[in-house]
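Please have the sequence and the model at hand while reading.

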Amino acid sequence: MFTGAAVLLGVTAGQAQAAEVSYATKCVPPSGIGLPDVNGTTKVDITAPATAKVGDTVDIVWKFTQAASKNPDIIDLPANSVQPSGTLKAAGAQTSDIAMQGPRENPAIPKGGAMTLSDMKGTLKLTAAGQVTLTPDAYVVNALSTDTKCAPTEAVQPAATITVTAGEGSSGTGSGSPSSSTSTSPGPSQSQSPSPSTSGTPGTSPSASATGGGQTDFTGKVVDIPYTCASPIGEKKATSPIQINASKDGGSYDLTVQFKKSVMDSPIAIPAGKVKPTMQIVLGGADKGSVKVEGPLNSAPIPQNAPIEIPDLKGVYKPGATGESTLSPGVLVIEAMGTTTTCTPDSTAVSLTLDTAEQASGASGGSGSASSGGTSSTGGGLAETGSGDHGALKALGLVAGTAILLGGAVFTFMPGRRVR
């Protein structure tokens, strides 16, 4: 019995230990989005071997048992979009900063749901005999490349202690893993920035009017349209130069709407397949109603600080009247990252005039038919568009709104909420 107990004690001494520590935390949302700092409580478990020898490299796990946050009732965070990283302080027999990082693994976090952060891991090479304490320190929560930085606001108690015995390896002050750097999602390699959209031929006809005579391609003029955009975070103003072109196909017209400028860099990284714009073209003159046009989802991620563009919007116009029919930009709707932004023109202008012939089931008095859009155009995102002097350039309310939503989603204080 004594022998068995001794064996058990010997095994237990070297097994990993876990201890929870709780500390007051101040979290700073991403800069430039207008959100205040958040004060909350962080609770973590630190798991490390109870005993080891000099020269050993030990594995350490940082598990969040409570985050001082919840996801606001604004936006759903998709699965695998949140990644934590941080620093664990080693003290005592040796002093070092241990870089900790977790994988970008999380369940989808609904609006109002508790934040769920993955376990962070790191390693420490032991260089001196004695007691080595492990204490949680600052950490960063990265949500879709938007960083919220959190740091203790009080002295933090050690969460684990490793008893290090003499063995192979040198004594003295050791160093942990290489210092941690802020985690970001690498974007695709891009050595050059996309240039403003130049697809299509700018309108040169003063009237941008289409007459018969066998012509099949019609070029509209560029018109500046001022928008008021309503997003989940409020209203934004934006002015966008827009051009409507048409190609006749039988009695119908294939339409292409182009946003002519991209004048800003994206403040956040936008994943592929997350931006979908649609617009209603307003019919006037002989015809009445509207025609829906839409663009493809962005086919590639849009890196942070890279120029972003609105893709060409496409649809089919089947005339509902005979005579001169006008086409003007109308309401623009952008679906992105689980939110909807609706942009209504403060005023509009005719971009294209067509001599139309009434078609069966045409648009007059209702909505014209629309296609789903063509192939993806370069950029594929939503640009902050506007005049060349950078006036009223708030990206149709989306890009800045997305930055605020993502930043706010990372750390909005909710005391006492435990991650499950």
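## Terms and basis

Contact here means heavy atoms within 4.5 Å. The model is predicted, so local features need pLDDT of at least 70 and side-chain atom pairs count only at pLDDT 80 or more, while totals for chains, interfaces and linings use all residues. Residues are numbered from 1 along each chain as its sequence is written, and side-chain values use heavy atoms, with hydrogens and water left out.

## Surroundings of Trp62

Leaving aside residues up to four places away in sequence, Trp62 touches Tyr23, Val44, Asp45, Ile46, Thr87, Leu88, Met100, Asp119, Met120, Pro136, Asp137 and Tyr139.

## Nonpolar cores

A nonpolar core is a set of buried Ala, Val, Leu, Ile, Met, Phe, Trp, Tyr and Cys residues joined through side-chain atoms within 4.5 Å. Buried means under 20% relative accessible area, exposed means over 50%, and partly exposed lies in between (1.4 Å probe, protein chains only). The largest such core has 37 residues, and Trp62 is listed among those with the most contacts inside it, along with Ile46, Ile60, Leu124, Leu134 and Ile162. Two or more residues each come from strands E1 (16-28), E2 (38-49), E4 (57-66), E5 (82-92), E6 (96-101), E7 (120-125), E8 (130-143) and E10 (160-165). E8 gives the most to this core, with five residues.

Apart from this core lies another, of 30 residues, including Met279, Ile281, Leu283 and Ala336. In soluble globular proteins, nonpolar side chains tend to be buried together.

## Chain as a whole

The protein chain has two helices and 22 strands. Helices (H or I, at least four residues) and strands (E, at least two) are DSSP runs, numbered from the N terminus. Of its 420 residues, 46% count as buried. Among contacts with a separation of 6 or more, 75% are between residues 24 or more positions apart.

The accessible surface of the protein chain comes to about 17900 Å², and 52% of it belongs to carbon and sulfur atoms. Accessible areas come from the Shrake-Rupley method with a 1.4 Å probe; for residues, only the protein chains shown count as cover.

## Asp56

Asp56 is in the loop between strand E3 (51-53) and E4. Is this residue buried, partly exposed or exposed? With a relative accessible area of 32%, Asp56 is partly exposed.

The side chain of Asp56 reaches the backbone nitrogen of Lys53 at 2.9 Å, a polar contact (a pair of N or O atoms within 3.5 Å; within protein, one must be able to donate a hydrogen and the other to accept it, and residues adjacent in sequence count only if both atoms are side-chain atoms). Not counting residues up to four places away in sequence, Asp56 touches Leu124, Lys125 and Leu126. Asp56 and Thr127 are 71 residues apart in sequence, with 8.1 Å from C-alpha to C-alpha.

## Disulfides

A disulfide is a pair of cysteine sulfur atoms within 2.5 Å. By this rule there are two disulfides. One joins Cys27 to Cys150, with an S to S distance of 2.3 Å. This pair links distant parts of the chain: Cys27 is in strand E1 and Cys150 in strand E9 (residues 146-152), 123 residues apart. The S-S torsion of Cys27 and Cys150 is about 115°, so the disulfide is right-handed. Both Cys27 and Cys150 are buried.

Another disulfide joins Cys229 to Cys343, S to S 2.1 Å. Cys229 lies in strand E13 (residues 223-231) and Cys343 in strand E20 (residues 339-345), 114 residues apart. Cys229 is buried, with a relative accessible area of 1%, and Cys343 is buried at 0%.
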